[in-house]
Amino acid sequence: MKGFVLDYIDENEYHKLERALKKYNMLAFKKLNFEYYPSLRNGNILGELVSQNKKLGTETYELKLPSDKGFVQVHGEVKLIYTFYKKEEIIMLDCITPKDILLEGHMSELKTYKGIMISKANESKDKFKIDLLSMLQDK
C-alpha cells in the first residue's frame, strides 16, 4: 500500500464541518481537498505538532487553513486537527475549527454583518466585535 490512510474519528460530524466550510469558506475548502489531503496521503505531515503520546505512538497536529482576516479576528483561526498514528500509518481526521460557527452554519443559513458571518446564538457579541474591529481599522 502506498501512502497513508485518511480516516475519521466521527465521520458524520466531520463531513458536516467540511460542508459548512465549503459553503462559507471556499478557499479553505479547496486548499484542504486539493492540496492538503493529497499531501497527507503521500506521507507529508503538515501543520504544527500540538501533542504526542509515546505510549500509543501518536502525534496530534493543527494545520491552519487560509481564511478571511475579518473572520479570523471574530471567530478565530480555521484549523484542521488530526492525529497521526505512526505504526499503522493512519491519519485520523478529528475536526475543523471553529467548530461552533461551522456546525451552526450547517444547521441553518447564517447572516452576515459587514461581510462577516455572524452566529445566531451570539449575534450581538459578534456584531460588537465587528464594529470594534472596524473602528480600530478606521483610526
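Select His 75, which is found in helix α3. Helices (H or I, at least four residues) and strands (E, at least two) are DSSP runs, numbered from the N terminus. His 75 is buried, with a relative accessible area of 18%. Here, buried means under 20% relative accessible area, exposed means over 50%, and partly exposed lies in between (1.4 Å probe, protein chains only).

Before going on, note that this is a predicted model: local features need pLDDT of at least 70, side-chain atom pairs count only at pLDDT 80 or more, and totals for chains, interfaces and linings use all residues. Residues are numbered from 1 along each chain as its sequence is written, and side-chain values use heavy atoms, with hydrogens and water left out.

**Stop 1: around His 75**

Which residues does His 75 touch, not counting residues up to four places away in sequence? Show Pro 98, Ile 101, Met 117, Ile 118 and Asp 126. Contact means heavy atoms within 4.5 Å.

A cis peptide bond joins it to Pro 98, with omega about 0°. Pro 98 lies in the loop between β5 and α4.

**Stop 2: the largest pocket**

Keep His 75 and Pro 98 selected. Both line the largest pocket, along with Val 74, Lys 99, Asp 100, Ile 101, Glu 104, Ser 119, Asn 122, Lys 125, Asp 126 and Lys 129. The elements giving two or more residues to this lining are α3 (69-75), α4 and α5 (123-138). Which element gives the most? Helix α4 does, with four residues.

Colour the lining by class. There are three nonpolar, three polar and six charged residues. Ala, Val, Leu, Ile, Met, Phe, Trp, Tyr, Cys and Pro count as nonpolar, Asp, Glu, Lys and Arg as charged, and the others, Gly among them, as polar. The pocket has a volume of about 180 Å³.

How is a pocket found? On a 1 Å grid over the protein atoms alone, it is an open set of points with protein on both sides within 12 Å along at least five of seven lines; lining residues have an atom within 4 Å of a point. Grid points are joined across faces, edges and corners, and the volume is the space filled by probe spheres set on the points.

**Stop 3: helix α4**

Select Ile 101, Leu 102, Glu 104 and Gly 105, the buried residues of α4. They cover an arc of only 160° around the axis, which puts them on the same side of α4. The arc is that of the directions from the helix axis to the C-beta atoms. The cover over these buried residues includes α1, α3, β5 and β7 (116-118).

Turn to the face of α4 away from its buried side. It carries the exposed residues Asp 100 and Met 107.

Now pick Leu 103, also in α4. Leu 103 counts as partly exposed, at 21% relative accessibility. Leaving out residues up to four places away in sequence, Leu 103 touches Glu 13, Lys 16 and Leu 17.

**Stop 4: helix α1**

Which residues of α1 are buried? Highlight Tyr 14, Leu 17, Glu 18, Ala 20 and Leu 21. Seen down the axis of α1, they fall within an arc of 165°, so they line one face of the helix. Their cover includes β1 (5-8), α2 (26-41), β4 (79-85), β5 (90-97) and α4 (99-107).

**Stop 5: Phe 84 and Glu 89**

Move to Phe 84, in strand β4. Phe 84 counts as buried, at 9% relative accessibility. Beyond four places in sequence, its contacts include Phe 4, Ile 45, Tyr 61 and Glu 89. Phe 4 is 80 residues away along the chain, yet the two C-alpha atoms are separated by 9.4 Å.

Next, click Glu 89, in the loop between β4 and β5. Its phi is near 55°, a positive value in a residue other than glycine. Glu 89 is partly exposed, with a relative accessible area of 38%.

**Last stop: the whole chain**

Zoom out. The chain has five helices and seven strands. Of its 139 residues, 37% count as buried. The C-alpha trace spans about 55 × 30 × 25 Å along its principal axes.

Terms used
1 Å grid on protein atoms, 1.4 Å probe; cavity = no way out; pocket = protein on both sides within 12 Å on 5 of 7 lines; lining within 4 Å.
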